[in-house]
Amino acid sequence: MFPGIPPHPPRTPVLPPTPESWLPQEHNLYRPRHSAKQRTALVCAIVFFLAPALSFVLGVRAEPFENRALHDFPNPGDGWSFFTAFPAWATDHLPLREAGVEAADAVGTGLFGDPPGTQSGARSGTAGVQPEDEPKQVVPRELFPRVISGKDDWLFLGEDIASKCFPVMDVDRIVAALNKLRTAVEASGRDFVLVVAPNKTTIMTEHLPDDYVGKDCADARSAEFWRRLPAEAGAIDLREPLRHTAEQLDTDVYSAVDTHWNFAGGLTMTYAVAEQISPGITSTWQVERSKLRDWPADLLRLLGRSEKWDLHEYTLAPDGEKDRTRYIASDFKVPLRTQQFGKEVTGVYGGSVGVVADSFTQFASPFLAATNRNLVIAHSDTVAQGDPARIAELLGDRDVVVFEFVERILANGGSSLLRDDVIDAIGTALADNPR
């Protein structure tokens, strides 16, 4: 003990704090380690994170359901853009996402009365429209509605508008790519046909709302697209023929609840393609309205409603006597092949025809089968994989190659068939199998 320094008082031992869950239950600080609420939250978290993974293991895969392709996995070599593109890929490929989107829209539309599509975008109508005396503001793409609610209960696909307001190619490049594609096909001794299926928003304008997000930019893109594609790329312009068909058959060529045209639209495409391949061949064709059939309504599906719409089928007798239509359900991911055997028939093209198509050609396939002796229809995604051997297998024995594009994909410039490497692969495959 040093003088002048008082002795330290004895220390009280400091015990580690007792966890609240270890205290007696009658203690006023007692807290259970896992309360009922905590357990519920924990179970929900486990279900949230593991259910999609379990679904993937069981074979559930994300499928496109918004009339666009799923985002590809970003390239790690793209630098920081990999991180900005990753969320879009992850969202698209989340198993059961479609069910979640449908449920959200069903609740929003059915229970709360929200306009269609507001669960994943802006409301249709005047959102984003600026006063005329103020500069126009760019509306972010994510604010464009998935479904536009029009007049008289008509629905429209929002992507028809958004794709034109956010193009990935200018029209110059689109025209150049299509002409390169034409050259690749024709250099192999084949005929080339290019046909564009107009958007529903292009044809059924009387049912669109007076104003909606993206109207100005979409109208401007549409005007340039339709002014230049037929003139500079030789595309078949079906806008007036579709209106003529509607008058002749006294029917709408599109449905109020689906984004596609109906069989009357497909019939119109078949007439136009046939006349380009063999002028005058349709002079003996006879068409009659047939029975009704139902078809899933894709716009209602986007709103969480699994409903169908009625379509009139049509018979087509190329020689004016015998109906030769063949209604074969196919998405063309597995190529559809049809042949007519026996002697040649008046009004039926005798050569071999290959059609590179999307879902719009589903409504033309019965009539294409009726009017072509040897036909193959392959989905554009299959050809766009750019495998020369596969392309040669599909198109190597064809006399005519028809490319059908829906307007929203072509006007946006987003089709893989416009890529130089894909066009080069098509050219190589066809050049190796000249006609």
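Since the model is predicted, local features need pLDDT of at least 70 and side-chain atom pairs count only at pLDDT 80 or more, while totals for chains, interfaces and linings use all residues. Numbering starts from 1 along each chain as its sequence is written, and side-chain values use heavy atoms, with hydrogens and water left out.

The protein chain has 15 helices and 10 strands, taken as DSSP runs numbered from the N terminus (helices H or I, at least four residues; strands E, at least two). Of its 435 residues, 45% count as buried, meaning under 20% relative accessible area with a 1.4 Å probe, protein chains only. Among contacts (heavy atoms within 4.5 Å) with a separation of 6 or more, 70% come from residues 24 or more positions apart.

On to the cores, each a set of buried Ala, Val, Leu, Ile, Met, Phe, Trp, Tyr and Cys residues joined through side-chain atoms within 4.5 Å. The largest has 64 residues, and W261 and V402 touch the most other members. Helix 9 (residues 263–277) supplies the largest share of this core, eight residues. Apart from it sits another core of 37 residues, including V171 and F405.

Leaving out residues up to four places away in sequence, W261 touches a list of residues that includes L238, G266, M269, W309 and F363. G266 itself lies in helix 9 and is buried, its relative accessible area being 0%. Beyond its neighbours within four places, G266 is in contact with W261, F363, A364 and F367. G266 and Q362 are 96 residues apart in sequence, yet their C-alpha atoms are 7.7 Å apart.

S365 belongs to helix 11 (residues 365–371) and counts as buried at 4% relative accessibility. Setting aside residues up to four places away in sequence, S365 touches R326, I328, F332, L336 and I377.

Finally, the helix pair. The axes of helix 5 (residues 171–186) and helix 15 (residues 420–431) come within 8 Å and cross at roughly 10°, so helix 5 is roughly parallel to helix 15 (angles under 35 degrees count as such). Axes here are lines fitted to C-alpha atoms over the stretch in contact, with angles from 0 to 180 degrees between N-to-C directions. From helix 5, A177, K180, L181, A184 and V185 meet D420, I423, D424, I426, G427 and L430 of helix 15.

Technical notes. Angles under 35 degrees count as roughly parallel, over 145 as roughly antiparallel, 65 to 115 as roughly perpendicular and the rest as oblique. Buried means under 20% relative accessible area, exposed over 50%, partly exposed in between (1.4 Å probe, protein chains only).
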